[in-house]
Amino acid sequence: MKNNILVTGGAGYIGSHAVKQLLETTKHNIIIVDNLSTGNLKTIKTLKLIRDFKFIKLDLKELDKVKSILKDNNIDTIMHFAAKIIVPESIKNPIDYYINNTVNTINLIKIAVDMKVKKIIFSSSAAVYGEPDKIPEDGIDENFQTNPINPYGMSKLMSENIIKDVATVNDDFKYVIFRYFNVAGADINYVGNNLTPRIGQSFPNATNLIKIASLCATKKIEKMDIFGDDYDTFDGTQIRDYIHVDDLADAHIKAIDYLNNNSSDIFNVGYSNGFSVKEAISSMKKVTKEDFKVNISSRRAGDPVNVVSNNTKIKNKMGWTPKYNDLDLICKSSYEWEKRYASKTI
Ligand code: UD1
């Protein structure tokens, strides 16, 4: 079945990778709305080389316009990526996060239900789990207690609850909520034998570990910090579950058909593998053969020690099979993207 899909935040990092796969592997009609605050017009141009689609520069605050877009394009499915995602920024500016992430989602959901949209695929986060006292051996599953420790995580949990409540009283409105673990890497695209990402993380103020390490490896910045090496982990640095952005995007594509025959649900998306900050930096140095300076600095506010998924549910129920479960490939693709982006060859 061909769907008419509205992708909010489709010019951004994760949204653009989902759009790439929608364009390459499906026949669905795609309409992107993005305010380009962190998304990028170049990304839109690159995606249009795959197949044409409609792009509308718009902030989700402009409710009347969003409503017209849903109506004029007969939208039946929404992929809602548009959000702010930086934990430390959310601690400094909580209101921004609640407005941008939660209020905008409430408004979007209200309009979606009014306009008889049938499915929403929502980007949530492992940040909803907060700082678990004790991580189970096989990772955090979806029934684990939610207890966000920063406004970013709370803004996502509130949005999840609103979506669930609305779906409870609207039988025709279904959702898949994805709780992302640490998303990294860039478009796996080969030209000959060369890994040549066409899209990637291009937001200049990005703070993610692997992005920062690739900025160091490409010499765009001189050095980086490890935020604390005195944690109770095997090497003193924090543990995260790094997932390649193309595998995450694939889960979104699967969710569209999943909702045709299944009820609404929440899924973790991660590899169930934990790596320390030091391991991730070593991987970047190894695959790029570049050395760079790393300082040990103090702990960063709002950081949980250990966040690793249990991904049994998405594998079993949705048939999701990760293809790029390889930290070295994640680092390599991030670096190759950074090199191309840095040297403006795209
Ligand atoms: C990331 C996501 C967040 C998601 C969470 C799920 C971003 C911006 N944030 O947060 O949306 O909810 O994963 O687990 O993508 N670190 C350093 N030095 C640096 C940068 C990071 O030591 O320069 C450390 C951090 O302290 C942390 C780890 O690296 O231990 C990962 O940090 P980061 O990439 O910023 O992601 P999270 O804060 O885990």
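Student: Which residue in strand 16 stands opposite I239?
Tutor: That is N306. Keep in mind that this is a predicted model.
Student: How do strand 11 and strand 16 pair?
Tutor: In the parallel sense, over two bridges. Strand 11 covers residues 239-240.
Student: What sheet do they belong to, and in what order do its strands run?
Tutor: An open sheet of three strands, with the order 14-11-16. The pairing in that sheet is mixed.
Student: Which strands are at the edges?
Tutor: Strand 14 (275-276) and strand 16 (306-307). Each of these two pairs on one side only.
Student: New topic: strand 13. Is that strand buried or exposed?
Tutor: Buried. Five of the five residues of strand 13, residues 265-269, are buried, so the strand is largely enclosed by the rest of the structure.
Student: Which residues sit on which side?
Tutor: D265, F267 and V269 are on one side, and I266 and N268 are on the other. Both faces are covered.
Student: Why do they alternate like that?
Tutor: Because side chains in a regular strand alternate between the two faces of the sheet.
Student: What does strand 6 do with strand 13?
Tutor: Strand 6, residues 174-180, pairs with strand 13 in the parallel sense. The pairing has five bridges. In it, Y180 stands opposite V269.
Student: Now the ligand. Which residues come nearest?
Tutor: S125, N182, D225, R240 and D303, out of 21 residues around the ligand.
Student: How much of the ligand does the protein bury?
Tutor: 93% of the 730 Å² that the ligand exposes when taken alone.
Student: What classes of residue make up the shell?
Tutor: 12 nonpolar, five polar and four charged residues.
Student: And which element gives the largest share?
Tutor: Strand 10, with three residues. Helix 7 (209-217) and strand 10 (223-227) each supply at least two residues of the shell.
Student: Last one: where is D250, and is it buried or exposed?
Tutor: D250 is in helix 8, residues 245-261. Its relative accessible area is 17%, so D250 counts as buried, the cut-off being under 20%.
Student: What does D250 contact, sequence neighbours within four places aside?
Tutor: Q21 and W320.

How values were computed. Residues are numbered from 1 along each chain as its sequence is written. This is a predicted model: local features need pLDDT of at least 70, side-chain atom pairs count only at pLDDT 80 or more; totals for chains, interfaces and linings use all residues. Side-chain values use heavy atoms; hydrogens and water are left out. A residue is near a molecule or strand if one of its heavy atoms lies within 4 Å of it. Accessible areas come from the Shrake-Rupley method with a 1.4 Å probe; for residues, only the protein chains shown count as cover. Helices (H or I, at least four residues) and strands (E, at least two) are DSSP runs, numbered from the N terminus. Ala, Val, Leu, Ile, Met, Phe, Trp, Tyr, Cys and Pro count as nonpolar, Asp, Glu, Lys and Arg as charged, and the others, Gly among them, as polar. Buried means under 20% relative accessible area, exposed over 50%, partly exposed in between (1.4 Å probe, protein chains only). Contact means heavy atoms within 4.5 Å. Two strands pair if DSSP finds at least two bridges between them.
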